[in-house]
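The reader may wish to keep the sequence and the structure in view throughout.

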Amino acid sequence: MKITEEMVDTISALSRLKLPEEEKVRMAGELERILEYVEVLNTLGTAAVEPMSHVFPVKNVFRADVVEPSADRRDLLRNAPIPDEEAFLVPKTVE
(Lines give C-alpha, C1' and ligand atoms only; values in the text may rest on other atoms or scores of the structure.)
Protein backbone atom coordinates (compact mmCIF):
# COMPACT_ATOMS: atom_id res chain seq x y z
CA MET A 1 0.00 0.00 0.00
CA LYS A 2 1.36 3.38 -0.94
CA ILE A 3 1.35 5.90 1.92
CA THR A 4 0.77 9.45 0.73
CA GLU A 5 1.67 12.69 2.45
CA GLU A 6 -2.04 13.27 3.06
CA MET A 7 -2.20 10.00 4.97
CA VAL A 8 0.85 11.02 7.00
CA ASP A 9 -0.83 14.38 7.71
CA THR A 10 -3.98 12.61 8.92
CA ILE A 11 -2.02 10.17 11.11
CA SER A 12 0.12 12.96 12.57
CA ALA A 13 -3.00 15.03 13.30
CA LEU A 14 -4.66 12.07 15.04
CA SER A 15 -1.53 11.48 17.11
CA ARG A 16 -1.15 15.22 17.74
CA LEU A 17 2.29 15.42 16.19
CA LYS A 18 3.65 18.27 14.10
CA LEU A 19 6.02 16.89 11.49
CA PRO A 20 8.26 19.02 9.29
CA GLU A 21 8.02 18.38 5.54
CA GLU A 22 11.26 16.34 5.32
CA GLU A 23 10.08 14.20 8.24
CA LYS A 24 6.78 13.44 6.45
CA VAL A 25 8.62 11.81 3.56
CA ARG A 26 10.68 9.64 5.92
CA MET A 27 7.59 8.76 7.97
CA ALA A 28 5.70 7.70 4.83
CA GLY A 29 8.51 5.26 4.02
CA GLU A 30 8.54 3.86 7.55
CA LEU A 31 4.77 3.39 7.56
CA GLU A 32 4.98 1.55 4.23
CA ARG A 33 7.62 -0.80 5.67
CA ILE A 34 5.41 -1.43 8.71
CA LEU A 35 2.43 -2.30 6.51
CA GLU A 36 4.61 -4.61 4.38
CA TYR A 37 5.65 -6.46 7.52
CA VAL A 38 2.03 -6.75 8.66
CA GLU A 39 1.22 -8.32 5.27
CA VAL A 40 3.99 -10.87 5.89
CA LEU A 41 2.48 -11.63 9.30
CA ASN A 42 -0.97 -12.04 7.70
CA THR A 43 0.38 -14.86 5.52
CA LEU A 44 1.28 -16.96 8.56
CA GLY A 45 -1.09 -19.77 9.42
CA THR A 46 -2.46 -19.11 12.89
CA ALA A 47 -5.66 -21.17 12.71
CA ALA A 48 -4.23 -23.89 14.97
CA VAL A 49 -2.77 -21.44 17.49
CA GLU A 50 -4.85 -21.01 20.62
CA PRO A 51 -5.45 -17.36 21.62
CA MET A 52 -3.64 -16.27 24.77
CA SER A 53 -3.53 -13.25 27.00
CA HIS A 54 0.12 -13.69 28.05
CA VAL A 55 3.21 -15.11 26.40
CA PHE A 56 4.19 -17.04 29.52
CA PRO A 57 1.81 -19.08 31.67
CA VAL A 58 0.46 -16.96 34.50
CA LYS A 59 -0.23 -18.41 37.92
CA ASN A 60 -1.37 -16.84 41.15
CA VAL A 61 1.57 -16.60 43.55
CA PHE A 62 -0.46 -15.28 46.46
CA ARG A 63 -1.56 -17.49 49.30
CA ALA A 64 -5.20 -18.22 49.89
CA ASP A 65 -7.05 -15.55 51.84
CA VAL A 66 -7.89 -17.34 55.10
CA VAL A 67 -9.44 -15.63 58.11
CA GLU A 68 -7.37 -16.29 61.20
CA PRO A 69 -7.62 -14.89 64.71
CA SER A 70 -5.34 -11.91 65.34
CA ALA A 71 -2.93 -11.51 68.25
CA ASP A 72 -4.28 -10.40 71.59
CA ARG A 73 -4.22 -6.60 71.98
CA ARG A 74 -2.93 -6.71 75.56
CA ASP A 75 -0.01 -8.92 74.48
CA LEU A 76 0.90 -6.52 71.67
CA LEU A 77 0.66 -3.39 73.84
CA ARG A 78 2.78 -4.96 76.56
CA ASN A 79 5.92 -3.98 74.57
CA ALA A 80 4.80 -0.39 73.95
CA PRO A 81 7.12 2.30 75.43
CA ILE A 82 4.09 4.35 76.49
CA PRO A 83 1.22 1.91 77.00
CA ASP A 84 -2.46 2.69 76.65
CA GLU A 85 -5.47 0.41 76.91
CA GLU A 86 -6.26 0.61 73.17
CA ALA A 87 -3.29 1.76 71.09
CA PHE A 88 0.37 2.75 70.95
CA LEU A 89 0.88 6.31 72.16
CA VAL A 90 3.39 8.36 70.18
CA PRO A 91 4.64 11.93 70.59
CA LYS A 92 2.68 14.58 68.74
CA THR A 93 4.47 15.58 65.53
CA VAL A 94 2.13 18.22 64.06
CA GLU A 95 0.85 21.25 65.93
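Lys24 has a relative accessibility of 12% and therefore counts as buried, the cut-off for that class being under 20%. The structure in which this value was computed is a predicted model. Lys24 belongs to helix α2. Setting aside residues up to four places away in sequence, Lys24 is in contact with Glu5, Val8, Asp9 and Leu19.

Which other residues of α2 are buried? Besides Lys24, they are Ala28, Leu31 and Glu32. Viewed down the axis of α2, the buried residues fall within an arc of 105°, so they line one face of the helix. The buried residues of α2 pack against α1, which comprises residues 5-14. On the face of α2 turned away from the buried side, the exposed residues are Glu22, Arg33, Glu36 and Tyr37.

Helix α2 itself runs over residues 21-42 and has 22 residues. From its first C-alpha to its last, α2 reaches 32 Å, close to the 32 Å expected at 1.5 Å a residue.

Met1 lies in the segment before α1 and is exposed, with a relative accessible area of 71%. Glu32 is one of the buried residues of α2. The C-alpha atoms of Met1 and Glu36 are separated by 7.9 Å, although these residues stand 35 residues apart along the chain.

The overall arrangement may now be considered. The protein contains three helices and zero strands, and its pattern along the sequence is α-α-α. What is the radius of gyration of the protein? The value is 31 Å, whereas a compact globule of 95 residues would have one near 12 Å. Taken along the principal axes, the C-alpha atoms fill a box of roughly 80 × 50 × 15 Å.

Of the 95 residues, 9% count as buried. The protein exposes about 9,500 Å², and carbon and sulfur atoms supply 59% of that area. Among contacts between residues at least 6 apart in sequence, 22% join residues at least 24 apart.

Terms used. Residues numbered from 1 in each chain as written. Predicted model: local features only at pLDDT ≥ 70, side-chain atom pairs only at ≥ 80, totals over all residues. Heavy atoms only, no water. Helix = DSSP H or I, 4+ residues; strand = E, 2+ residues; numbered from the N terminus. Expected span 1.5 Å × (residues − 1). Buried < 20%, exposed > 50% of the residue type's maximum accessible area, 1.4 Å probe, protein only. Arc of directions from axis to C-beta. Contact = heavy atoms within 4.5 Å. Rg over C-alpha atoms; globule rule 2.2 N^0.38 Å. Areas by Shrake-Rupley, 256 points an atom, 1.4 Å probe, with all protein chains shown as cover.
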